[in-house]
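Here are a few exercises to work through with the model on screen. Try each task before you read its solution.

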There are 2 protein chains.
Amino acid sequence: MAGKIKTRDRILQTALALFNEEGEAQVSTVDIAVVMEISPGNLYYHFRGKETIIEALFDDFEEELRQVLSAPIQHPLAIEDNWIFVYIVFEEINDFRFFYYSLSSILERCPDLRPRMTRLLKLKKETVTAVLTQLEKVGLLKFGNGERDTLASRLAAHITFWLQYRDLTSPSKEGRDIINDGVYTTMMQIAPYIIDDKDAYLSLLGDYFQAQQ
Amino acid sequence: MAGKIKTRDRILQTALALFNEEGEAQVSTVDIAVVMEISPGNLYYHFRGKETIIEALFDDFEEELRQVLSAPIQHPLAIEDNWIFVYIVFEEINDFRFFYYSLSSILERCPDLRPRMTRLLKLKKETVTAVLTQLEKVGLLKFGNGERDTLASRLAAHITFWLQYRDLTSPSKEGRDIINDGVYTTMMQIAPYIIDDKDAYLSLLGDYFQAQQ
């Protein structure tokens, strides 16, 4: 039984690496079996087709991202931890990036994942709202009528569609740059709501992220 | 020959309506032929498969959207026309909405469309940059270091991924509401850069769009 569990996990790890690296559409179950040096029959014994592998990977992704996103809802973050938190969210998404690159294609073939992706998007917005509310409470940010809600929706959408956007605009860049730029763009969208010394913040932000290039 | 041209156009119109209405993945060339009451062989005579129909529809979409987006680059818009311009962009995209709902899926099957979609996204950003620069020049908006460029990218991404975002968050809403909300969210993202009386603008915006619901 221990052997079976191990093979199942190895299939998932291999599939995730190949999907992320080559693009999910380019990888068949036979490709996965070949890379693992197991027979397609052995793979089929564990997963009856590529869609069941994708769904099992989504179980893992959903659990991990839920844990990350729930943290600031349960306990407010220290101010200096917000920046790191945004990095962690982008890194988590990058670990399962094939879901985001092939979003509409995967949801067409795995319709059961659609309501779960919707719930994750809602949780992203709740998390951003919790963080922004906390920053407003401590007097760092100020929002006019409807602005906090719009910014929370926009940042949830930014996190969700960033990889597709980058794939269309600068497909050749490295993973590390894509994450850095995603975090920078997040911080830039929060900037206009800063109460004191926005220009100092913008200048710090610009310098920091230029140094990462 | 006139008859042939007519059938070709009718195929494109029918395909566009069905793709937008039912979702592109749900519609086969046989479905299109059945709705048109022509034989699949007749349809095949004009288009050798669904991908060639999709590519012909993209030709039309690209030409129309390029025309719309080029206008403010060639001649600055009057201030009061910006709002209407944003509506026109969202309406144009809504007319060919299946491209945006099924973006990754279509680009997997029609890889020739990828660089063309990239160029459209770049043109969206150039257009937004032209509009924002003009609004800055007449003293309505003010941007700090890097803010205009970030906002232009974010609005280009907003226009591109709005339909997918709405599909995940509130799939049941009507086309008119989706366009209204897309325009509202665009105007809200510009609000924080307004120099004078941002609160009056936000309040006007909120009232106007609530009245559209």
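**Exercise 1.** How many residues of chain A are in contact with residues of chain B?

*Solution.* Before counting, note that this is a predicted model: local features need pLDDT of at least 70, side-chain atom pairs count only at pLDDT 80 or more, and totals for chains, interfaces and linings use all residues. Residues are numbered from 1 along each chain as its sequence is written, with chains lettered from A and ligands numbered from 1 in the order in which they are written.

Now the count: 33 residues of chain A meet 33 of chain B, contact being C-beta atoms, placed from the backbone, within 7 Å. Next, sort by helix (DSSP runs of H or I, at least four residues, numbered from the N terminus). α7, α8, α9, α10 and α11 of chain A each supply at least two residues to this side, and α9(A) gives the most, with 9.

**Exercise 2.** Work out how the two copies are related.

*Solution.* The same surface serves both copies, since 100% of chain A's contact residues recur in chain B.

**Exercise 3.** Find the partners of F161(A) across the two chains.

*Solution.* Leaving out residues up to four places away in sequence, F161(A) touches A157(B), F161(B), Q164(B) and Y165(B).
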